[in-house]
Amino acid sequence: MISQKTEFALPGIKSIAYVPCDLLQRNSDLKCMASLPVRVFTTPIPIIIKGDATCSTVSQYDNNGRTEVTTLKFDTLSPVPLSQHIAFIVTDTNDHQFLVGLREAPYPVIKISHTTGTPSGDPAVLTYEVTFRAKKSLIPLW
């Protein structure tokens, strides 16, 4: 079987915030696929990003259906809580917002690395790489 891939990248990330997954609407991915509005009804907690953040999505044929994999990478000085499942809200430079994560499993997988600063003055940062795989993993918010 031929594997088809489609790739999508946001034009630039202006801000990133997070919300607990249990405060999201149920089945947000299915609502998005059915062209129903998806909204977040809680106050997102902002993350102060350092440098440039990236967000890309790859859609591919997998097990008789399509699956999307979204990868969000950013550097920050403040840690993101990992004691609960969290979803991320990404705002691009065109002021469009996207949700990365769902109320239900599977949840985003968060990989953290710590980089020390350099003597020339670069700050020590935490680098986050968030990977989320679902039927629809980059969900536009209305």
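The legends below describe close-up views of a predicted model.

Residues are numbered from 1 along each chain as its sequence is written. Local features need pLDDT of at least 70 and side-chain atom pairs count only at pLDDT 80 or more, while totals for chains, interfaces and linings use all residues; side-chain values use heavy atoms, with hydrogens and water left out.

**View 1. The open five-stranded sheet.**
The strands of this sheet follow the order S3-S2-S6-S7-S10, with antiparallel pairing. The edges are formed by S3 (45-47) and S10 (139-140), and each has a single partner strand, so one side of each is left without a neighbour in the sheet. Strands (E, at least two residues) and helices (H or I, at least four) are DSSP runs numbered from the N terminus, and two strands pair if DSSP finds at least two bridges between them. Within the sheet, S6 (residues 86-92) and S7 (residues 97-100) are antiparallel and share four bridges. Val90 has Phe98 in S7 as its bridge partner. The loop between S6 and S7 contains Asp95, whose phi is positive, near 65 degrees, although the residue is not a glycine.

**View 2. Strand S9 and its two partners.**
Strand S9 (residues 125-134) runs antiparallel to S5 (residues 66-76), and nine bridges join them. Thr76 stands opposite Leu126 of S9. S9 also runs antiparallel to S8 (residues 109-115), here through seven bridges. In that pairing, Thr115 has Val125 as its bridge partner.

**View 3. The largest nonpolar core.**
A nonpolar core is a set of buried Ala, Val, Leu, Ile, Met, Phe, Trp, Tyr and Cys residues joined through side-chain atoms within 4.5 Å. Buried means under 20% relative accessible area, exposed over 50%, and partly exposed in between (1.4 Å probe, protein chains only). The largest core has 32 residues, and those with the most contacts inside it are Ile13, Ile16, Ile47, Leu72, Phe74 and Phe88. At least two core residues come from each of S2, S4 (49-61), S5, S6, S7 and S9. In soluble globular proteins, nonpolar side chains tend to be buried together. Leaving out residues up to four places away in sequence, the contacts of Phe88 (heavy atoms within 4.5 Å) include Ile16, Ile47, Leu72, Phe74, Phe98, Ile110 and Val130.

**View 4. Aromatic rings around Phe74.**
Rings of Phe, Tyr and Trp (its six-membered ring) pair if their centres lie within 6.5 Å; planes under 30 degrees apart count as stacked, over 60 as edge-to-face and the rest as tilted. By this rule there are two aromatic pairs. One of them, Phe74 with Tyr128, is stacked, at 5.2 Å centre to centre and 15 degrees between the planes. Phe74 belongs to S5 and Tyr128 to S9, so the pair ties together parts that are 54 residues apart in sequence. Phe74 and Tyr128 are both buried. Ring pairs link Phe74, Phe88 and Tyr128 into a cluster.

**View 5. The loop between S2 and H1.**
Gln25 lies in the loop between S2 and H1 and counts as buried at 18% relative accessibility. Its side chain reaches the backbone nitrogen of Arg39 at 3.4 Å. Beyond its neighbours within four places in sequence, Gln25 is in contact with Lys31, Pro37, Val38, Arg39, Phe41 and Arg103. Asn27 is found in the loop between S2 (13-20) and H1 (28-33). This residue is not a glycine, yet its phi is positive, about 50 degrees. Asn27 counts as partly exposed, at 37% relative accessibility.

Ala105 and Pro106 are joined by a cis peptide bond with omega of about 5 degrees. Pro106 lies in the loop between S7 and S8. Most residues other than glycine have a negative phi, and most peptide bonds are trans.

A disulfide is counted as a pair of cysteine sulfur atoms within 2.5 Å, and a search of the whole structure finds zero of them. For Cys21, the nearest cysteine sulfur is that of Cys55, 15 Å away. Cys21 is buried, with a relative accessible area of 2%. The sulfur of Cys32 is 14 Å from its closest cysteine sulfur, in Cys55, which is too far for a bond. Cys32 is buried, with a relative accessible area of 17%.

Terms used: Polar contact = N/O pair within 3.5 Å; in protein donor to acceptor, adjacent residues only side chain to side chain.
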